[in-house]
Every structure is written in structure tokens, then in C-alpha cells.
Amino acid sequence: MIKEVLEKTDALEEKIQALLAEEEKTEEIKVLQEEKKKLLDSCKDLEPGDRVFLARHPRRPHVEDFVSALFTDFFEQKGDHLYDEDRSIYGGIARFHGRPVTVLGHRKGRTVEENLSCNFGMTCPEGYRKAKRIMEQAEKFDRPIITFVDTPGAYPGLEAEQHGQGEAIAKNLAFMSSLHVPVIAVVTGEGSSGGALGICVANKILMLENAIYSVLSPEGFATILWKDSSRAAEAAKVMKLTAKDLKEANVADEVVPESLGGAQDDPESLYKALDQVLEKTLAYYDGMSRHEIRKDRLSKFRNI
Amino acid sequence: MKSPIQSLVELVKDRDLRQKANKDTMSGAAPLKVPATFISCRKCGRRALHSRWEENYYICPHCGSYSPIGAYYRLKMLYDPGTFQELDQDMAVKDPLDFPEYREKAESQAKKTGLKEAVVSSKGKIGGIPVVVLVLDSRFFMGSMSQAVGEKVTRGIEVADKEQCPLIIFSASGGARMQEGIYSLMQMAKTSAAVELFSEHGGLFISYLTHPTTGGVTASFATLGDITLAEPGALIGFAGPRVIEQTINSKLPKGFQKSEYLESHGFVDKIVERKDMRETLIQLLKLHQKA
């Protein structure tokens, strides 16, 4: 449903932009804007399948956008320093409201070349080991960690298996559970399977309103259970993968609102909302000892 | 030497385990009726007397391929007589998503296998050394990780931690329990965190990979052992072979993701034949005994 609505609103927006160039068309613009608003208003109650669509929207803000909007002084760290540089993980050191933090996330890329070089956000073992290396330093230098989760899943390729995909993810889960610095994960798009969890063992999990987080993509889920990937929308309904569902399940701690029709056309208001939630969440851990911070994370996962 | 009375006491103590193990023996190789006089191999199709299979630890006497064995049967092979104690045996399938037809399916699988969930937790002694042993059973929802499986595994690890004894986990799993969605995924974090704490406290964890160990189990506790052992010819990996073939659009090399392949690529310490399982574990347990 949202897909069709967005096609219409995109066309309207194009018209509006064209008219903006001309003078004395304000009346016409107003009419078009009204029409656009009406269309968006009609999709206030989104189906889970619509959220899946929005979570994967090609113009949705990605990790690089969040890093440049919310942080300053970013220094990128590359490579696992063992074997390879996996571009599907993007991360490094930055400042958040002046304080040094470690920030990292899945990178999907925007153009086709970028998509390919980032493997569409599907991380290989080298990427998980890179993430671990970056987080080890956060622990060493006592920096909070903020992760941005957005992946269709860990890469199911031949070399990925050969290089120990399972082991790499498992090591991250165990390691992240041992951290003594606060870890805040933000699920920004699609958080699918162990590939998402590999950087998501956090004290607090924030989800953007239209993000999804699930054991597998709805397509994969439908294939496994019903041997029919075309039943993905139906799968999305029973999987309880929306931010609201996960908040109810106590997996997500907070839902960050997006503007109607998705964050892709109004990222600024999302950045602002997310900035506030992040600041508040980090402040919550300021008074806590390192031991308490770890215990806080352990008890979150122990009780799921 | 053991006195006849002691042997009798052990027999009585193990009655439950023996009964369950007998029920178990070959039901992994369904659709066979147990006990059957003749059993045919699922791999090569040739038949052999059940007694010959049994003598051969349920490895095909003709082609040598490993047949899955039930959790209780494996435990009976492992423990010193009279020492087996089951843990959390009443913990059954939960249904956190209220998933359509899940309860019914769980009930029918429970009836068929005599299991309540895909893992059996236990403690006892092997070679006189107290241990906690958890065995995933592929007959129940392909040994997949559910909320109850994650909870049982975590509790088992916590028992080993509290009692300061070694932990042995036999993995066999198709991955996540789809019907439990995100709750299944979260068990990966929960169990890994428990292993990490156990490890920090100096506990020995022997991870024993059996056919098949895949998905969320591979990407959590199964690959976090201090020592990683595997049964010959077991499929071990994160993604399943079919998914990988679809991704790379070509056939996988022969032996890909088999125990031997993992051993040669640096992820398994040793491939251990079933007949040597107990002795190998005793060797390792003794090597880690504090003086």
C-alpha cells in the first residue's frame, strides 16, 4: 500500500519542485501540497509489510548519514587487521555532544558501485572481526559505543563460510556481553538475523519507527516455513518484526518517531529526534559503574 | 572391583535413562519402527541387523556413514553408570508469538520423540569427573533454537558455573526456531553471554559438533568452546548449502562444510569417532583437572 502512495507523492513532489522554479504558482503548489498531505494521511496505519518496504527504501538515511548528522570529528577505522577490509561495516571514533564515542554500523552503499563494494550491507567474518576490533578499543579507552543496524543478514557466501561466519558472529555476541562501556544500538532499517545481532548486543536497543528487526528476512522466513518466498507480506504479519511489536516484546527499549510516509523525505526531523533520545540514553549510564553497566546489559538478555 | 550390589543400585538408578535410550536408539533414522530386526542405511540404502548397528554405535556397517542418535542414547553411552541426573526436564515449548499451528506441531513431535524440547540437560560423572552435559536432539524441530532451548542451555551453563564443573554441549541444529521469531534470535545473545561468564570464571567448555550444526547455534555457543570436537562427516556451517549455492550461483565443492573441511580450515580441534567419544572426553577432562 505504502509503495503505491509513495509513487504518487513522489510524482506530486516532482511537480511541486518544478513549479517552485516558476513565479506566481503558489496557489497551484498549495493545492498539490494539500493533495500530498492527504495521501500521506491515508497511510497512518501501516501494515508490517509496508514497514518492511520503508525499512529498505533506497533513499532511507544510512549509517554514513547518521554519522555525519549526529557526530563530529569522525575518524574512520578500517580493516580487521587480520586479513581484510570489509566495507559493509563502517565505523570509527567520533564525538557526540563533545564526548568521544565509538560508532559503527552496517553500510549498504547508495550507488550500484557502492552497493557492490559494501556487499549490500551483508557482512562477512572480516567485517564482524573489524567491528570487534573497533569495540575492543572502545572498552580499552572507556568510550560508549553506538551501533547502527541495517542489514539483510550476514553474507551467505562460500568464503564467508570458509572464514568462519558463525564463529565470527558468536565471538562478537560473547564479547559484546562482556563490555563495561554502555552500548546503544539503533536499528535504522532492516535488522535481519544473526547478521544484525552481531553488532546489536546492547544495553538499550532503539528502533526507528519504520525499522524492522527479525530472526530472518520475511522472504527467507516464508521460504523456510511455507516454501514460498512470495508470501513475505503474510510472513511479516506473523513475525512481529515492527518497532511497536518489539517494544511490546521488551526487545526494543524505545521507538524513535519518523515523519509520515517514512524518514527518507524528512531526515532532519529524524536526526533531531534521534539525537535527543541518544543523549538521554547515554546520560542514563553516566552515573553507573563499569560493573553495573555490564550487569545492566546481561540482565536485559538473560530475561528474554 | 564393583560389588554386585553396587551394580544393582546403578541399574536401578539408570532405569529411566535406559528406557529413554532404548526408545531413542534408531528413531533418528525414521521412518523405522523401533525395535526393528533389520535397519537400512539412509545413505547407502543397504540393510544390516539392528544388533550389528548397535555394536557399531549406529554407524552404517557397510558405508560408515553416521546415523543421528537420540539425546538419551548418547548420554547413556557417555555417563558412568548410575550418575545421570536430568535437569529442567519439564521445560517445554513456549509459544511467545502465538504462532499459528505451532502448539499442535510441538505436541505431535513430543509424542513421536518422547522429548519436550530440542535439548536434554543433565549432570553426572564421566570417568569419575562431575560434568554438565547438554545434548541437542535433531529429531525435535531439527534441534532448532527456541526460547525454551535457549533457557535450558543457559541454565545448564549456569549449573556448570555454580558447581565449577566442566561443560560439554553436543550441538545438532537446523538453526533458529522460525515459529518463535525474534525470541529465537535473542537466545543466541543469551547463551553466548552465559558461556562468556562461565569462561571468565575459568570453566572448561567442550563443544561437540554433530550432524547438522548450522545457523544460530553455530553463530553462538557451538563455536565458543575451549575445545571443539566434531563427529565425522557432520554438516557444520552458518548458512545452509542450498542458500549458499543460490547466492554464489554455482555448485559447492565436494565436502564443503563437512567436519573434515572445517578441521582443515582451522575451526575444529579434532574429529572424533563415536566409539572414541567417551575416552576422548575423559582424556580432556583429566587434562583440565586441577592438581
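Select residues 2–42 of chain A: this span is 88% helix and 0% strand, and its end C-alpha atoms lie 9 Å apart. The model on screen is a predicted one. In UniProt, an unreviewed entry places the feature "coiled-coil region" at these residues of chain A.

**Chain A as a whole**

The chain has 14 helices and eight strands. Its radius of gyration is 20 Å, close to the 19 Å that the globule rule gives for 304 residues, so chain A is as compact as a globular protein of that length. Along the principal axes, the C-alpha trace of chain A spans about 60 × 50 × 40 Å. Of the 304 residues in chain A, 49% are buried. Take the contacts in chain A between residues at least 6 apart in sequence: 71% of them join residues at least 24 apart.

Colour residues 1–45 of chain A one way and residues 59–302 another. These are domain 1 and domain 2 in the domain assignment of chain A. How far apart are the centres of domain 1 and domain 2 of chain A? Taken over C-alpha atoms, the separation is 33 Å.

Next, select residues 35–284 of chain A. UniProt lists this range, in an unreviewed entry, as "domain: CoA carboxyltransferase C-terminal". The chain is 44% helix and 20% strand over residues 35–284 of chain A, with 43 Å between the end C-alpha atoms.

**One residue in helix α13**

Go to A:E279, which has its place in helix α13 (residues 267–284) of chain A. Is A:E279 buried, exposed or partly exposed? With 13 other C-beta atoms within 10 Å, A:E279 is partly exposed. To try the distance tool, pick A:E279 and A:A154. These two are 125 residues apart in sequence and 30 Å apart in space, C-alpha to C-alpha.

**A pair of helices in chain A**

Select helix α10 (residues 218–226) and helix α11 (residues 232–239) of chain A. Two packed helices are described by the angle between their axes and the distance between the axes. For α10(A) and α11(A), the angle is about 95° and the axes are 8 Å apart. Angles of 65 to 115 degrees count as roughly perpendicular, and α10(A) and α11(A) are therefore roughly perpendicular to each other. Show the side chains where the helices meet: A:P218, A:E219, A:F221 and A:A222 are on the α10(A) side, while A:A232, A:E234, A:A235, A:A236 and A:M239 are on the α11(A) side.

**Where the chains touch**

Bring chain B into view beside chain A. In this model, 38 residues of chain A are in contact with 35 residues of chain B. Several elements of chain A each supply at least two residues of the side that touches chain B, among them α7 (158–162), α9 (193–197), β7 (212–214) and α14 (290–302). The helices α10 and α11 of chain A are also in that list. Which helix of chain A gives the most to the side that touches chain B? That is α8(A), with nine residues.

**Chain B as a whole**

The secondary structure of chain B comes to eleven helices and nine strands. The radius of gyration of chain B is 19 Å, close to the 19 Å from the globule rule for 291 residues, so chain B is as compact as a globular protein of that length. Its C-alpha atoms fill a box of roughly 65 × 50 × 45 Å along the principal axes. Buried residues make up 49% of the 291 residues in chain B.

**An enclosed helix**

Select helix α4 (residues 71–78) of chain B. Seven of its eight residues are buried, so α4(B) is largely enclosed by the rest of the structure. The buried residues are B:A71, B:Y72, B:Y73, B:R74, B:L75, B:K76 and B:L78. What covers them includes α2 (15–24), β4 (119–126), β5 (129–136), β6 (167–173) and α11 (277–287) of chain B.

Last, select B:C41, B:C44, B:C60 and B:C63, where UniProt places the feature "binding site" in an unreviewed entry. They are spread over 23 residues of sequence but cluster in space, the largest C-alpha distance being 8.5 Å.

Both B:C60 and B:C63 lie in the loop between α3 and α4 of chain B. B:C60 is buried, with 22 other C-beta atoms within 10 Å, whereas B:C63 is exposed, with 11. Leaving aside neighbours within four places in sequence, B:C60 is in contact with B:C41, B:K43, B:C44, B:S65 and B:S67. On the same terms, B:C63 touches B:C41, B:K43 and B:C44.

Terms used
Residues numbered from 1 in each chain as written. Chains lettered and ligands numbered in written order. Predicted model: local features only at pLDDT ≥ 70, side-chain atom pairs only at ≥ 80, totals over all residues. Helix = DSSP H or I, 4+ residues; strand = E, 2+ residues; numbered from the N terminus. Rg over C-alpha atoms; globule rule 2.2 N^0.38 Å. Buried ≥ 20, exposed ≤ 12 C-beta atoms within 10 Å, placed from the backbone. Contact = placed C-beta atoms within 7 Å. Domains from an automatic or database assignment. UniProt positions renumbered as here; feature names shortened; annotations may be inferred. Axes fitted to C-alpha atoms, helices over the stretch in contact; angles between N-to-C directions. Parallel < 35°, antiparallel > 145°, perpendicular 65-115°, else oblique.
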